[in-house]
Amino acid sequence: MNITHFADLLSAAAQQAEPQRLLFVFTRAELPDRYSEAQKAQFLKQQGGALAPVMCVDKLPSELTDFASLVRESEKTGQAWDIVFASSLSGQAGHAPTSEAAESALHKMIESVKFGGVSAFLAFDRAGELVVFH
């Protein structure tokens, strides 16, 4: 399945043979440590910068009706974010993974994002559109 929007992610999760738990790491764009003036200029044009994890959550696909519901829930935290990274954890024997089981995977996602290892994840902007990093 070709995922181009958040709705595609929900659809793909529902079609898997085993129940899924979706994992989300929300990030905010910021200037990197010891930035140059060129980096600052790019950042002020809303280009470049570093993505810093600010919060994470796991959800069963059935707990999300659409991207707007995820955004509304995130807004309740008061934490600003720019890009959300998504992944999934597959269940076994017809049972979805628990939140406790997802905790380790979320921590690994956070560490990967901190060090720029985002190629294994889907990324969405605040409109739920897929973001591709070059």
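Modeller: Let us start with the radius of gyration, which is taken over C-alpha atoms; the globule rule is 2.2 Å times the number of residues to the power 0.38. For 134 residues that rule puts a compact globule near 14 Å, and the chain has 16 Å, which agrees. Along its principal axes, the C-alpha trace spans about 55 × 30 × 25 Å. Please note that this is a predicted model, in which local features need pLDDT of at least 70 and side-chain atom pairs count only at pLDDT 80 or more, while totals for chains, interfaces and linings use all residues. Residues are numbered from 1 along each chain as its sequence is written, and side-chain values use heavy atoms, with hydrogens and water left out.

Biologist: How many helices and strands does the chain have?

Modeller: Helices (H or I, at least four residues) and strands (E, at least two) are DSSP runs, numbered from the N terminus. Here the chain has four helices and four strands. Along the sequence, they follow the pattern α-β-α-β-α-β-α-β.

Biologist: What share of the residues in the chain is buried?

Modeller: A residue is buried under 20% relative accessible area, exposed over 50%, and partly exposed in between (1.4 Å probe, protein chains only). Buried residues make up 34% of the 134 residues. Among contacts between residues at least 6 apart in sequence, 74% join residues at least 24 apart.

Biologist: How many aromatic pairs does a search of the whole structure find?

Modeller: Rings of Phe, Tyr and Trp (its six-membered ring) pair if their centres lie within 6.5 Å; planes under 30 degrees apart count as stacked, over 60 as edge-to-face and the rest as tilted. The search finds six aromatic pairs. One of them is the tilted pair of F6 and F24, with 5.9 Å centre to centre and 35° between the planes. This pair links distant parts of the chain, for F6 is in helix α1 (residues 6-14) and F24 in strand β1 (residues 20-30), 18 residues apart. F6 has a relative accessible area of 0% and is therefore buried; F24, also at 0%, counts as buried.

Biologist: What kind of pair do F26 and W81 form?

Modeller: Their ring centres are 5.0 Å apart and their planes stand at 75°, so the pair is edge-to-face. F26 belongs to strand β1, whereas W81 lies in the loop between α3 (67-75) and β3 (83-90), 55 residues apart. Both F26 and W81 are buried. Ring pairs link F6, F24, F26, F67, W81 and F124 into a cluster.

Biologist: Which residue lies over the face of W81?

Modeller: A charge sits over a ring if NZ of Lys or CZ of Arg is within 6 Å of the ring centre and within 35 degrees of the ring normal. In this model R126 lies over the face of W81, at 4.3 Å from the ring centre.

Biologist: How should I read pairs of charged side chains?

Modeller: Side chains of opposite charge can pair when their charged atoms come close. A salt bridge is a side-chain nitrogen of Lys or Arg within 4 Å of a carboxyl oxygen of Asp or Glu. The search of the whole structure finds five salt bridges. Among them, R126 and E75 meet at 3.3 Å, N to O. R126 is in the segment after β4 (122-124) and E75 is in helix α3, 51 residues apart. At 36% relative accessibility R126 counts as partly exposed, and E75 is partly exposed at 48%.

Biologist: Which residue does D58 meet in a salt bridge?

Modeller: The side chain of D58 meets that of R21, at 2.7 Å, N to O. D58 is in strand β2 and R21 in strand β1, 37 residues apart. D58 is buried, with a relative accessible area of 14%, and R21 counts as buried at 9%.

Biologist: Is K59 buried or exposed?

Modeller: K59 has 12% relative accessibility, so this residue counts as buried. K59 lies in strand β2 (residues 50-59). A polar contact is a pair of N or O atoms within 3.5 Å; within protein, one must be able to donate a hydrogen and the other to accept it, and residues adjacent in sequence count only if both atoms are side-chain atoms. Such a contact, of 2.8 Å, joins the side chains of K59 and E73. Leaving aside neighbours within four places in sequence, K59 is in contact with R21, L22, F24, L64 and E73.

Notes: Contact = heavy atoms within 4.5 Å.
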